[in-house]
Amino acid sequence: MEVLIVYSTQSGTSEDLSFRFSRKVSACKVVNTSQIQDLDDLKGFPIVVFFISSYGDGEPCDDGIRFIQMLKDEKKLHIKYSLFGCGNSLYDDYQGAAHQFKKLMDRLGGDLVGDVGYSDEAFNGVVDDFESWSFDYLNLLSDMGIKLNRSNGYREAYQITEVSEMPKQQSRPPYHEMNPFYARITNIVRNKDQYMHFEVELDSVHSRMKYQSGDHIGIYPVNDGEIVDELMAILGIVDCGSVRVMPVNRMESCKWNRVYSSIRELLMGHVEISGVLSRKFVKDLTDYFITSESTKRRLQELIRSRDVFRREVVERKLTIVRFFKEFDLSKNDYTSIPLSFILETFGHIKPRYYSITSSECVEKDRVGVMIKLVKDKPNNFVGQCSQTIMLAKSDTALGVFIRRSKFKLPYDLSRPLIFVGAGTGVAPFRGFLMEIVSAKYKLDQITRVVMYLGFRTASACHYLYADDFARYKELLGDRLSIRIAESQVTGKYVQDLLVEDTNLVKRLVENGGCVYVCGDKAGLALGVRRALGQILGGSSTHSLEYLAAVGRFKEDVW
């Protein structure tokens, strides 16, 4: 009996999990929600297993919007189904898309088989959560008479073969997440040990890439060459010439389905080897490749408890190379580890998203970016994109693309504007002000802009873009007010300043003002929402919910 597996994804997580699951079932078909043309396509299967990711604040992914609408329009859908949701608990509406899907299926009369599974990206637990859910769930499928794949050893998911010569692989517009444009990184300015501003040259004539202030830029980082060399030594790989990566199952999608100049190039720029390890990786490593009985017992003890693993591996931010070092694993402890295992376990390298700090009205061919350097000195850990930019030279080219955002200035610039941001969250407001002062007709429309900026201190090493904001203040005069919350000096945060200015904030909103918030989701955004709720109260025409519904309250949070 063939099982139907359906996934909806934005970044590829649900897609990866759906194909992981497909390898556990003897006969199955895997499709994306966008491929479902009619709900009758879901019928005729003993069970349909859904992998549903949430995007943004609990919204369906782009490829699932039409599918969700089809469910809303349907009256009955009598099928047996199971559900695994992917989300991030740092967002308010955690697993919002999965919850919405389940409510729709309940209304339609769907028959849920087993417990709903959930994975949380916030604590690097996606694979562990999936494996924990599938362990019990597969027994239910077996009881239903569905044949499972029982493997006594690792089966390679990818085939890596040498090719005689490197074919010409020229990328062309349009450029997007799956086809990034390789742009030069220039004008890198480091602000002490915490922040770096740099510019990305878009070369709009050739790339045809356009952006607006408020948009995001996706940047693909690269792995440290020394780390790659150490990993290749662990795997016993001697680099060769050009190689092609192909999935063993030709029906499976493969982001590596192309030719690489070498295995080193593949590992450098296309595999996520710098992330913190999961219990699933250590379990598979132990089951398939560890030959030393004493080492096997030691690693089994490590993964037996989630708390122990979190303390010994996750909190210490151990990557694969550091794990082998810290646990003193030598080649006498394990048999040959195939490259396919690394590709399957760690997946394709993911882009990092940043708010754009510039305006296309002024810098058409350049995108300004500000990043905070992610460093954990006690654990000798540096964020991957931080490492990439720190090591970048004037001729360094990285894969980039523009992601459109709804975080935009209002069409009517005469509306009062309230900007709230902290740390790198001030980035889009620099772009907004750059756009406003770029043209006299825009500058003349502005009536009032109030910015609430949060930094540790207002000193040069913490106050980002201080010179730019001072220049905009000169151009806008009394129409621009800048209030700074210095958390290390006064103990106050931006939400405290908002409450202090209750009368001002309320008056600006009542006069048609728009509120923009950019920063940390769990900290700043939550605090600002509470403060605004307290200030605005429950008035139907000025509540936070109403402002959001009419596009006058916008967030760019992570």
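**Sheets, a helix pair and a cavity**

Me: What stands opposite valine 259 in E13?

Reply: Arginine 244 stands opposite valine 259 in E13. Strand E12 (residues 243–247) pairs with E13 in the antiparallel sense over two bridges. Two strands count as paired if DSSP finds at least two bridges between them. Strands (E, at least two residues) and helices (H or I, at least four) are DSSP runs, numbered from the N terminus.

This is a predicted model, in which local features need pLDDT of at least 70 and side-chain atom pairs pLDDT 80 or more, whereas totals for chains, interfaces and linings use all residues. Residues are numbered from 1 along each chain as its sequence is written, and side-chain values use heavy atoms, without hydrogens and water.

Me: In what order do the three strands of that open sheet come?

Reply: The order is E8-E12-E13, with antiparallel pairing. Strand E8 (158–162) and strand E13 (259–260) are the edge strands, each pairing on one side only.

Me: Which strands does helix H12 lie across?

Reply: Helix H12 (residues 339–346) lies across E8 and E12 and runs at about 130 degrees to E8. Axes are lines fitted to C-alpha atoms, for helices over the stretch in contact (heavy atoms within 4.5 Å); angles between N-to-C directions run from 0 to 180 degrees.

Me: And the sheet of six strands: what is the order there?

Reply: That open sheet runs E14-E11-E18-E9-E10-E15, with antiparallel pairing. Strands E14 (352–355) and E15 (366–372) stand at the edges with a single partner strand each, so one side of each has no neighbour in the sheet. Neighbouring strands are turned by 40 degrees against each other on average, direction ignored.

Me: How many bridges join E10 to E15?

Reply: Seven bridges join strand E10 (residues 195–201) to E15, and the two run antiparallel. Phenylalanine 198 has valine 369 in E15 as its bridge partner.

Me: Changing topic, at what angle do H18 and H19 pack?

Reply: Helix H18 (residues 502–510) and helix H19 (residues 521–536) pack at about 80 degrees, with axes 10 Å apart. That makes H18 roughly perpendicular (65 to 115 degrees) to H19. Thr502, Val505, Lys506 and Val509 of H18 make the contact with Leu532, Ile535 and Leu536 of H19.

Me: How many cavities of 30 Å³ or more does the structure hold?

Reply: The structure holds one. A cavity is a set of points on a 1 Å grid, over the protein atoms alone, where a 1.4 Å probe fits but cannot get out; lining residues have an atom within 4 Å of a point. Grid points are joined across faces, edges and corners, and a volume is the space filled by probe spheres set on the points. The largest cavity has about 50 Å³ of space, and its lining includes Ser8, Thr33 and Phe67.

Terms used. Angles under 35 degrees count as roughly parallel, over 145 as roughly antiparallel, 65 to 115 as roughly perpendicular and the rest as oblique. On a 1 Å grid over the protein atoms alone, a cavity is a set of points where a 1.4 Å probe fits but cannot get out, and a pocket is an open set with protein on both sides within 12 Å along at least five of seven lines; lining residues have an atom within 4 Å of a point.
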